[in-house]
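Subject: Structure handover and notes

Dear colleague,

Here is the structure I promised to pass on, with my notes on what was found in it below. Please read them with the coordinates open beside you.

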Amino acid sequence: METFKIEVNGKEILVKENETILNASIRQVGNIFVGCKGGACGMCKIKITTGETVDGIYSKSALPDEEYASGYRLACQSKPTTDMSILPIRERNKVLR
């Protein structure tokens, strides 16, 4: 099974093949904001600085096409296909996991 390294604000987390970035963050305290986990709320929005993902279904109101084209993703719907570096968009939260 392949794993990918993701740098989140200077911290490295490991993401298993076919695992979402959010689930890996929850397992390893990656400090990504947790919301609905279904691609509808946008609370787990991240900005990809390097790397590639495959993405599941999400609401266009949570992630408009312009933001997707600019490198934003929803961590609950994104699975890495390469090692990556990302920035969480919501850094101040009552429940960071």
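Lys47 lies over the face of Tyr72, at 4.9 Å from the ring centre, where a charge is taken to sit over a ring if NZ of Lys or CZ of Arg is within 6 Å of the ring centre and within 35 degrees of the ring normal. Arg73 is likewise placed over the face of Tyr68, 3.7 Å from the ring centre.

Before going further, please note that this is a predicted model, in which local features need pLDDT of at least 70 and side-chain atom pairs count only at pLDDT 80 or more, while totals for chains, interfaces and linings use all residues. Residues are numbered from 1 along each chain as its sequence is written, and side-chain values use heavy atoms, with hydrogens and water left out.

Tyr68 also takes part in the one aromatic pair that was counted, under a rule by which rings of Phe, Tyr and Trp (its six-membered ring) pair if their centres lie within 6.5 Å, with planes under 30 degrees apart called stacked, over 60 edge-to-face and the rest tilted. The ring centres of Tyr58 and Tyr68 are 6.1 Å apart and their planes are at 15°, so this pair is stacked. Because Tyr58 lies in the loop between β4 and α2 (65-69) whereas Tyr68 is in helix α2, the pair ties together parts that are ten residues apart in sequence; helices (H or I, at least four residues) and strands (E, at least two) are DSSP runs, numbered from the N terminus. Tyr58 counts as buried at 19% relative accessibility and Tyr68 as partly exposed at 28%, where buried means under 20% relative accessible area, exposed over 50%, and partly exposed in between (1.4 Å probe, protein chains only).

Turning to helix α1 (residues 21-28), Ile21, Leu22, Ala24 and Ser25 are buried. These residues cover an arc of only 160° around the axis, which puts them on the same side of α1, the arc being that of the directions from the helix axis to the C-beta atoms. Their cover includes β1 (3-8), β2 (11-16), β3 (45-50), β4 (53-55), β6 (78-80) and β7 (84-88).

The largest nonpolar core has 20 residues, of which Ile6, Ile21, Ile32 and Ile86 touch the most other members; such a core is a set of buried Ala, Val, Leu, Ile, Met, Phe, Trp, Tyr and Cys residues joined through side-chain atoms within 4.5 Å. Two or more residues come from each of β1, β2, α1, β3 and β7, and α1 gives the most, with three residues. Leaving aside neighbours within four places in sequence, Ile86 has contacts (heavy atoms within 4.5 Å) that include Ile6, Ile21, Ile32, Ile46 and Ile48.

Asn18 is exposed at 62% relative accessibility, and Lys37 is partly exposed at 45%.

Finally, a search of the whole structure finds zero disulfides, a disulfide being a pair of cysteine sulfur atoms within 2.5 Å. The sulfur of Cys41 is 3.7 Å from the closest cysteine sulfur, in Cys36, too far for a bond.

With best regards
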